[in-house]
Amino acid sequence: MERSSPSRGARPSRSARSEESVSRGEGLALGRARLFISRNLGGYLFLLPALFIFALFVWYPLVLGFKLSFQSVDMINPAIWVGWANYQKVLADPLFGVAWHNTLTFTGYALLFGYLVPLVLALLINEMRHGKALFRLAFYLPVMLPPIVTAFLWLWLYNADFGLINALLQAVHLPGGLWLENQSTALPALVVVATWGAAGSTMLIYLAALQGVPASLYEAAEIDGSNLWQRIWHITLPTIRPIMLLMLVLQIIATMQVFTEPFTITGGGPNNATLTVLILIYRYTFQDAEFGEASALGVILFLVLAVFALIYMRMTSRLMEAD
Amino acid sequence: MAMFTLRRRRPPRLEESFERTLVSPLVLTHPGARAIYWSVFALLLLSTLITFGPLYWMFSSALKSSIEIFQSPPTIWPLHPAWSNYSNAWSVLQYPLYFGNTLILAAGAVILQLLVSATAAFSLSKLRPAGKNIIQFVFFSTLMVPPVVYLIPQFVNISDLPLIHVSLINNWAGVWLPEAASALNILILKSFFDTIPTELTDAARLDGASPWQLFSRIILPLSRPALAVVTIFTVVASWKDFLWPLLVLFNPEVQPLSVAIYHEAGINSNFPLPFNYLMAGLVLASIPPILLFLLFQRQIIRGINLTGLRG
C-alpha cells in the first residue's frame, strides 16, 4: 500500500512537469492527499457512527468521571472545584471499609461457590451420551431470567416463615434460618442467588472449550495406559487452561460490580451487611445528591478493576493484536 | 433403563471414535464403567432440581390462593389452582404497558447496536482505512472498562448532553445510546466478517461497487448467522437490564418490566403486591426470555463460540 502510493501520486504532477519545481511538489502532495482521501474516506465514513457513539457515551463520561471526582456537584448549583476533598470524605466514610469488605467477601464466596461448579458440570455433561441437551437447558435456564425475577424468586425461597428452603429443612428435621435477616448469612445467601443465576453461562463456555480438546490426545494417552484422572490432569485441564484463567479474571471483575442482588433482595442490610461498593455509589448519588463523592468512589473502583482488566487484557492480547 | 442398555449393546462403530471424549465408547461397554456412567447421569439429573426446583416453585406459588401460599408446611401443588392469578397479575401490574416498553427498548437496542457495530466492523475488516489498528485498539480497549465505573458521570452526561444541552432522562434514547457503544458486538461481527474471503469483496470493488454496495449487497447477506447472534444477545441483555433503566427511567409510563416490577413489589414499595400475584408476574416476565432460549439455543451456543472464547 505505502510503496505504491508515491508513484501513483506523481501522476497528476506529470502534466505540470514544465512548470517550476515548487508547484510540482505541491501537485504531488495534492495528488497524494486526494488519493489518501479516496482510499480511506469510505472506511472513515463507516466508522463514524461508532466513533461518535463511543466518544459521547464511553470516552467522554470516563473523562467526566475524573473531573467530577474533584468537584462538588449536586446538579442544582454550579460545580465547584474542591481538590481532593471528595476523596478525603469518601475514604473517611466508615461505610467505605464496610462496602469494600463486603464486596471482596462477595467476590471470594462467589469464586468459592461459583468457580469450580461450572467446570465440573461441563466436564460431566460433556461425557454424557444421553440427555446432553436437557442438562444444558437445565443449567442454562436461570441465565435467561431477568435478574429482578431471580432476586424476587429467591426472596420468596429464603422467606423465614413460608419459604421453600426452611420448609425443606424442617422436613428433614433441621433448623431453618433467618437467612436474609441474619448479618452473618445474608451475604452468602446473596452469593448463592448470584451463582444460581450465572453459573450456566460459564458452563456453556467450558462446554464449548471442551469441544476443542483433540480426541487423538485422549486416544494416545489411553494407549500409553493413562487412567481417567491422568487424562483430566494432563490433557483436558492444560488444554482449557487459558479459558479457565480468563473466566477467573472475568468472574472477579463481574462479581466486584455486584448490585442487583443486594439492592433488590436486602437493600444493603441488615445493618449494612450486604452494602457493596456499587450500592454505596448509588446512595451517594440518589440519597445524598453528592455526585462528586460518588464519582470519586467510582474512580477508586475503576482503579481497582483496572488491575484485573490489565491482566485480562494481557490474556486476550491475541484479540487485540493488529492484523 | 432397559431401553438404553439395549441400545448400548450394539457394537461400538468406528465412526464414533472421532467424537470421543475423556471416556472412550469402548470402555463404556464394560458393566462396571456403565454403572458409574449411569450413576453420574442420575446425579446430574438430580442436580437439575437445583434450577428446575425454584422455577417450579415460582410457577406453583403463582397458582396458590393468598391463604394457601402462606401455609406451613407448604403444599407442593396447589389444592385449587387459581389460574386467575395470572390474569390478575397481568392487569394489576399493567403488563401490556410494561411489556410494550420492554419490547420497544429491546427493538431500539437491536437496531441501533447493529447499525453502529456492523458499520464499524465492516470498515475495520474490509475497508481497512489508514490508522485502522489504532482505532481498533481504542474500541477494543473499552472491553476492559465495565460501564459501572462511569455510571454516575454517564448519568450526569445523559441528563445534560454536552454542547446541545438536552436531557435524555425519562427518554428511551437515554438507554439506547449508551448501550450502542458495544465493543463486544464490533468484535463478534469483525471476526465473522474476517472469515468472508477478501477475493469476494475485491472482485466486487473491481467491478465498481461502492463501499455501501459492498456492505449492503455482499457482507450483510453473507453474515446473517452472526447478525442473528448479535440480535439475540442484544435482546436478552436488554430484557435483563435493570440498573441503568432504573436510574434513567423513573417515569412509570416509560419503564421496562424489570424496573416496574421492582417499583411495584420492591422492599421500598408502599403497597407491596400479594405474593401470589408477584409470583405470577415473575412467571410472565420469564416466559419470553425462556422461549427465546428454547427457540434459538443453537445461535446462542454458536455466539458463545464466536466471541473467541474457545482459546
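Into which domains is chain B divided? In this predicted model, domain 1 covers 32–92 + 276–285, and domain 2 covers 93–273. The centres of the two domains, taken over C-alpha atoms, are 34 Å apart.

The two domains of chain B touch. Domain 1 brings eight residues to the contact, and domain 2 brings six. On the domain 1 side, two elements give two or more residues each: α4 (84–92) and α15 (275–306) of chain B. Of these, α15(B) gives the most, with five residues. The class make-up of this side is seven nonpolar residues, one polar and no charged.

Now turn to helix α9 of chain B, residues 183–193. Nine of its eleven residues are buried, so the helix is largely enclosed by the rest of the structure. Among the buried residues are B:I186, B:L187, B:I188 and B:L189. B:F192 and B:F193 are buried too.

The last stop joins the two chains. Two packed helices are described by the angle between their axes and the distance between the axes. Helix α14 of chain A (residues 291–315) packs against helix α7 of chain B (residues 151–159) at about 135°, with the axes 8 Å apart. Angles over 145 degrees would count as roughly antiparallel, and 65 to 115 as roughly perpendicular. The angle here therefore makes α14(A) oblique to α7(B). From α14(A), the contact uses A:F291, A:A294, A:S295 and A:G298. From α7(B) come B:L151, B:I152, B:P153 and B:V156. Six residues of this contact are nonpolar, two are polar and none is charged.

Methods. Residues are numbered from 1 along each chain as its sequence is written. Chains are lettered from A and ligands numbered from 1 in the order in which they are written. This is a predicted model: local features need pLDDT of at least 70, side-chain atom pairs count only at pLDDT 80 or more; totals for chains, interfaces and linings use all residues. A residue is buried if 20 or more other C-beta atoms lie within 10 Å of its own, exposed if 12 or fewer, and partly exposed in between; C-beta atoms are placed from the backbone. Helices (H or I, at least four residues) and strands (E, at least two) are DSSP runs, numbered from the N terminus. Domain bounds come from an automatic or database domain assignment. Two residues are in contact if their C-beta atoms, placed from the backbone, lie within 7 Å. Ala, Val, Leu, Ile, Met, Phe, Trp, Tyr, Cys and Pro count as nonpolar, Asp, Glu, Lys and Arg as charged, and the others, Gly among them, as polar. Axes are lines fitted to C-alpha atoms, for helices over the stretch in contact, and angles run from 0 to 180 degrees between N-to-C directions. Angles under 35 degrees count as roughly parallel, over 145 as roughly antiparallel, 65 to 115 as roughly perpendicular and the rest as oblique.
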